[in-house]
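Subject: A structure for you to look at

Hi there,

Here is the structure I promised to pass on. Have a look at it first, and then read my notes below.

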Amino acid sequence: MGGCDKLELKLGALLDGELDSQEEQELRAHVAGCHLCRSRLQSFQVLEREAVAAFRAPEPTENEWGRIGAGIREAVAGARKTVAFPRAQRSPLIEALVPAFALAACLVIVVVIGILSRVNREPPRAPDVYSSKEYEIRVEPLAPEDEDGALWIEVTRG
Ligand SMILES: [Zn+2]
């Protein structure tokens with residue numbers, strides 16, 4: 001049936017919610033009674049689900065986030081001992097915000113793990129490394145010669 005091939009284009013629009021209510025009603029009524037369009041709609045739904053799953057980055061579970069946070073706190077504490085923070089620049093507010101910055105940096109970095117793991121960097125100084133079974137967290141001064149206290153925090157899946 002030639003009409004069904006024209007409707008095939010509309011099936012995608014139906015799934016995306018792009019049809020107006022009258023078009024949607026008519027199409028759904030047709031699909032209900034047409035085996036070809038029904039199976040096409042079903043295969044579109046499967047494709048869409050697979051596409052969504054394929055593009056979803058692996059999300060750490062809440063439990064894993066807890067361990068990442070603990071690892072960062074531990075590694076940052078270790079790095080602070082080795083980075084010389086000039087007394088004059090040390091403000092309590094900045095100090096208090098470091099863990100928040102570290103966590104924000106971690107959120108960003110987890111997203112780009114794939115890229116980071118392929119980049120070969122020469123660390124300027126031996127980094128502090130915290131590692132668990134699942135994650136390795138490296139903390140090192142970003143610019144050791146400036147001693148401005150900037151830290152590079154890298155989280156990778158072990
Ligand atoms: Zn049909």
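Which residues make up the largest nonpolar core? I68, I72, A75, V76, A102, I137, V139, I153 and V155 do, nine residues in all. By nonpolar core I mean a set of buried Ala, Val, Leu, Ile, Met, Phe, Trp, Tyr and Cys residues joined through C-beta atoms within 7 Å. A residue is buried if 20 or more other C-beta atoms lie within 10 Å of its own, exposed if 12 or fewer, and partly exposed in between, with C-beta atoms placed from the backbone.

Before going further, two notes on the model. Residues are numbered from 1 along each chain as its sequence is written. The model is predicted, so local features need pLDDT of at least 70 and side-chain atom pairs count only at pLDDT 80 or more, while totals for chains, interfaces and linings use all residues.

Two or more of its residues come from each of α4 (62-82), β2 (135-141) and β3 (151-157), and α4 gives the most, with four. There is also a second, separate core of five residues, including L7, L11, V31 and C37.

V139 is buried, with 25 other C-beta atoms within 10 Å. Its C-alpha is 8.4 Å from that of G78, although V139 and G78 are 61 residues apart in sequence.

For the overall layout, the chain has six helices and three strands, in the order α-α-α-α-α-α-β-β-β. These are DSSP runs numbered from the N terminus (helices: H or I, at least four residues; strands: E, at least two). Of the 158 residues, 17% count as buried. Helix α3 has two buried residues out of 21, so it lies largely in the open.

Finally, how confident is the predictor, in pLDDT (its confidence in each residue, from 0 to 100)? The chain has a mean of 74, and 62% of its residues reach 70 or more. Confidence is highest in helix α2 (residues 21-33), at a mean of 95, and lowest in helix α6 (residues 113-116), at 48.

Enjoy exploring!
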